[in-house]
Amino acid sequence: MSAVIDHGHGDHPHGPAPGLMRWVLTTNHKDIGTLYLWFSFCAFLLGGSFAMVIRAELFQPGLQIVEPAFFNQMTTMHGLIMVFGAVMPAFVGLANWMIPLMIGAPDMALPRMNNFSFWLLPAAFGLLVSTLFMEGGGPNFGWTFYAPLSTTYAPQSVTFFIFAIHLMGISSIMGAINVIATVLNLRAPGMTLMKMPLFVWTWLITAFLLIAVMPVLAGVVTMMLMDIHFGTSFFSAAGGGDPVLFQHVFWFFGHPEVYIMILPAFGAVSAIIPTFSRKPLFGYTSMVYATGAIAFLSFIVWAHHMFVVGIPVAGELFFMYATMLIAVPTGVKVFNWVSTMWRGSLTFEAPMLFAVAFVILFTIGGFSGLMLAIAPADFQYHDTYFVVAHFHYVLVPGAIFGIFASAYYWLPKWTGHMYDERLAKLHFWLSFVGMNLAFFPMHFVGLAGMPRRIPDYNLMFADFNRVSSLGAFLFGATQLLFLYIVVKCIRGGEPAPAKPWDGAHGLEWSVPSPAPYHTFSTPPEVE
Amino acid sequence: MMRHPRLGMGLLACSALSQAQAAWDVNMRQGVTEVSRSVFDLHMTIFWICVVIGVLVFGAMFWSMFAHRRSRHPQPAHFHENTRVELLWTVVPLVILIAMAVPATRTLLHIYDPSDPDLDIQITGHQWKWHYKYLGEDVEFFSNLATDREAIGNRAPKGDHYLLEVDQPLVIPAGAKVRFLVGAADVIHSWWVPELAVKKDAIPGFINEAWTRAPEPGLYRGQCTELCGKDHGFMPIVVEVKAPADYAAWLAGKKAAAAESKAQAGKVWTLEELVAHGEQVYKTACAACHQPTGEGLPPVFPALKGSKIATGPKEGHIERVVNGKPGTAMAAFGKQLSEVDLAAVISYERNAFGNALGDMVTPQDILAFKQAAEAGQGMQPGQPQPQPQ
C-alpha cells in the first residue's frame, strides 16, 4: 500500500511551500514543531523579562522600581507565561519534531488539527499579554488565581484571562489527542509499545494527563466566568459558595500539570544519558512503569498544596502519605539514570552536561518536595520562598534544562549543522551558576520566614535576596547566548552526519541531517 | 543599680548581633513552643535523610563521572537491568518513608487538637490588616502596619522591624492554651507566626481553628502568607506574650479605653479636632487604597479628591463609608471603626485634598444614621460575616 503512494509522490516532490504562507498553512510535523519551539522561546524571553522586573524590585528592601499592584501582575504573568507559553509548547514542539521520527511515522496522525492547535497559541497569548495594557491592569492574583481574589476582587481584564486560558486548553487538548493518535496508530511495523523510545512513552502518558486535566482547568475558569458575569456563587461565601472548592478543582488540574511539565523531560534525558554513556538505558521496563505510577499518583495528591486551608486531619494524613509515596517511583528513575552512567564510557558534550545537571538539580528539587510533603513541616514552609525555591529547582533545571539538553541533542538533526560546542558549554556553565545563585538562597530566606509574592521585605532578608537577583540577572542574560548559538547553528557550521553522536540509538538517526521535509513515507523495518 | 544599664547595653549589643546574624540565617528557627520544636525536629529529620540519600546518589554519580569518563574507561559495560537491585531500591525508600510518616503523624495529630482552650481569640483577615476579637471579653481591635510609608519609599531610614511592626499587637497570656478562630472578611489571607509554628488560612465563609501555648513572655513577628491583593506584603502580625498578671492588666486597660472611646461620642467636637483626628484614621484605614493624596489608583481604587460622594451630600458619604460598596474592595467600615473615628475620617475627607466643603460630620450624625438604618430595615446591610464551617 505504501509503495503505491510512493509512486504517486515520485512525480512531483513535496517541498515546503515558498514564502510566509508556508508557516501559516503548514501541516508538516517538522514545520509545526519548529513553530512551537520558536513560539516557546519567545514566551521564555517574555516571561523571563517579567522575572527580571521581579528580581530588580527585590534587589533591595523598599519600593524602587514598580508599585505593588504592578508587581503582582508581574509575578502572575511570569508564572502563566512560563507554564503555558514556554514549557508546555516547547515539549509539544519536541513531540512534533521527534515522535514521528522516533516511531517511523510519516507525520502526525492529524496534521490539520496540528496546525490549528499551534495557531491558537498566538491568539491566546495575544489576549493574555494585552491585558497588561488595559485599564486596571492585567491578572494580579498569582498564576494559581485563587478565588475570590480572582473573581469578586479581580481587575476587569480577568475575562480576557479566562478566554486566554480556554484557548490554551483547547490547544493543549488537541495536541494531546494528536500525540495519542500518532503513537497508537502510526508506529512502524515491529515497533511494539515496549520498544518505543522512552521520550515517546513519557509523552504518551503526558498526553493522557493533559486530556484528563485540561478540561478541569477549563471548568474552573468557566465557573469563575459565571461568578463574575452571570450571578452564580460557586466561589463566593456571601452567596453560599465555597472559596476552598476553587482550590480543590484548581489543584486537581494543577498537580498533574506539574508532571505534564516534567515527564517529557524525563523521556529526553533517558535518551541523552545512554547516548553519552555509550551504554543502554538501565531498567527500561521499570522506567515505563515508574512513569505510569507517577502519573497515577499525580491524581491523588492535589491537596498537599492546601495543607493550611483547614482540611480535616484524615485528609491531611491521606494526602501526606500519598505525596510521600511519589518519592518511590521518582527515586527509581534517578537510580536508573545513575546506573546507566555507571561503568559507561562518558563524554560531556552540551546535551550530556544539561542532562547530568538535570538529574542532580532535579533531585535536589525532589528532596525539598519530600520535605514539603511532611504536613506539619509544611505549616512552616507553605507559601514561603522555600516553596519558590522548590518549584524553581524542579522546573528550571528540570523542565528547562531538559529542553536545552533536547535542543542541543537534536539541533544537528533539525539544521544539518553542528552547533558551536564551545559556546554551548559556556551557555551551560553560565546557566548552571546563575540558576543556583538565583534559587538556592531562596531556600534560606524561606526558612527564615519570607513569604512569597511580596514586593518588599524586612532587612534580614536583604543579603540573600541580593544574591538571588544577581544570579537571576546572570541566568536571564545567558539565554540570549542560547539564541545566538541556535541562530548560528541554523545559518551554518560543520555539516552534521546522519548520526552525529556515536552512542546514539533510534530511528531518528537513520534519516539524513537535516531531516528531509518528508521522512518515512515508507515505514522502516524495526527488528 | 549601676549594673542595670550595663546589662541593658549588653542585651542591646546581643540583639544587634543576632539581627546581623539573622541576615545570613540558613535554617528554620526552632521557635518557642512545644509544637514549633517538634515541627523543627521533623524538619531536621527529613533534611538529614535527604542529605544521606543525596550523598550516596551524588557520590555514585560523581565517582562515575570521574572514573568512567571515556579517557579513563574507553570500553563501556553493557548491563541494563538487575531485578534484585531494582527491587531493593524500591523497597528501601518505602521503608524509610514509613519510618518518617510515624513521627509526622504524631505531630500532626497533636497540632490538630485545639480542645480545652483557656482563651478564644477570633482573627479576621481584612485587606490589609488583621482584626482581633477576644471572645467573651468585649475587647476587639484592628492591627495595622506601623511602618512609615516614607521608609517604604526609601525617603526615611528603615528600622530593625521594618514591615514587621504594627500599631496594636495581639496580646496573649504566657502558659495559656490560646485557640485562634481564623476567618476573613474579603479575600483569603493566611495568619502565620513562625516562632509559634502557627499558619492557618483565613478564608471568607469559614472559621478555621488553630492554637498555641507560648511558655515565656516575648514578642513574635509574622506576616500574611496568602496573596491577598495589592498590599499583601504590608499586613504583618505581631504577637506579644505577657505574663498572666500583665495580661490581665492589659485587658482591663483595653476595656477602660473602649468605654472611654464610647463616652467621647457624646463630646462636642470642633471641625479642627475632627479633621486632625480624621487624618490619623485616614492614614491607617484608607490611605492604602485611596492614597495619602486622595487621588486613589483608578479604576480599582477611585479618587476621593473631587469625587461625587466625598463632595456631595453628607448622608451619601456616611452611607458609603459605613456600608461599603458590595462587590468591590470598599469594605463596610461601620463595624470596623468607632463613631468618633467614622465622623472624623468623613470630616477629614470632606476638607482635605482640595475638597474644601467646610462642613463637618459629628459622631452624633453617625449614631443617628446607624439608628435610622436599624429602625428602617431591622438589620444593617454590610459585609457578610464568617459562618461556622
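What follows is a conversation about a predicted model, in which each label is set against its definition.

Modeller: Residues are numbered from 1 along each chain as its sequence is written, while chains are lettered from A and ligands numbered from 1 in the order in which they are written. Since this is a predicted model, local features need pLDDT of at least 70 and side-chain atom pairs count only at pLDDT 80 or more, whereas totals for chains, interfaces and linings use all residues.

Colleague: What are the scores of the model, and what is the average pLDDT of chain B?

Modeller: The model scores ipTM 0.91 and pTM 0.89. On pLDDT, which is the predictor's confidence in each residue, from 0 to 100, chain B averages 86, and 90% of its residues score at least 70. Over residues 1–21 of chain B, however, the pLDDT is below 50, and beyond near neighbours in sequence this stretch has two contacts in the model, a contact being two residues whose C-beta atoms, placed from the backbone, lie within 7 Å. Residues 378–389 of chain B also stay under 50, and for them the model has 25 contacts beyond four places in sequence. Where pLDDT is low, the predicted coordinates should not be read in detail.

Colleague: Why is A:R343 called partly exposed?

Modeller: A residue is buried if 20 or more other C-beta atoms, placed from the backbone, lie within 10 Å of its own, exposed if 12 or fewer, and partly exposed in between. A:R343 has 18 C-beta neighbours inside 10 Å, and therefore counts as partly exposed. This residue lies in the loop between α12 (327–341) and α13 (350–373) of chain A, where the helices (H or I, at least four residues), like strands (E, at least two), are DSSP runs numbered from the N terminus. Although it is not a glycine, A:R343 has a positive phi of about 60°.

Colleague: What makes B:D138 exposed?

Modeller: B:D138 has 12 other C-beta atoms within 10 Å, so it is exposed. In chain B, B:D138 is found in the loop between β2 (129–134) and β3 (139–143), and its phi is positive, about 60°, although it is not a glycine.

Colleague: What makes β3 and β8 of chain B edge strands?

Modeller: The open sheet has five strands in the order β3-β2-β1-β5-β8 (chain B), with mixed pairing. In that sheet β3 and β8 (208–212) of chain B each pair on one side only, where two strands pair if DSSP finds at least two bridges between them. Strand β1 (residues 119–126) and strand β5 (residues 178–184) of chain B pair in the parallel sense over seven bridges, and B:G125 stands opposite B:A184 in β5(B).

Colleague: Which peptide bonds are cis?

Modeller: One joins A:A147 and A:P148, with omega about 0°, and A:P148 is found in the loop between α5 (111–130) and α6 (158–185) of chain A. Another runs from A:S513 to A:P514, with omega near -5°, and A:P514 lies in the segment after α17 (462–491) of chain A.
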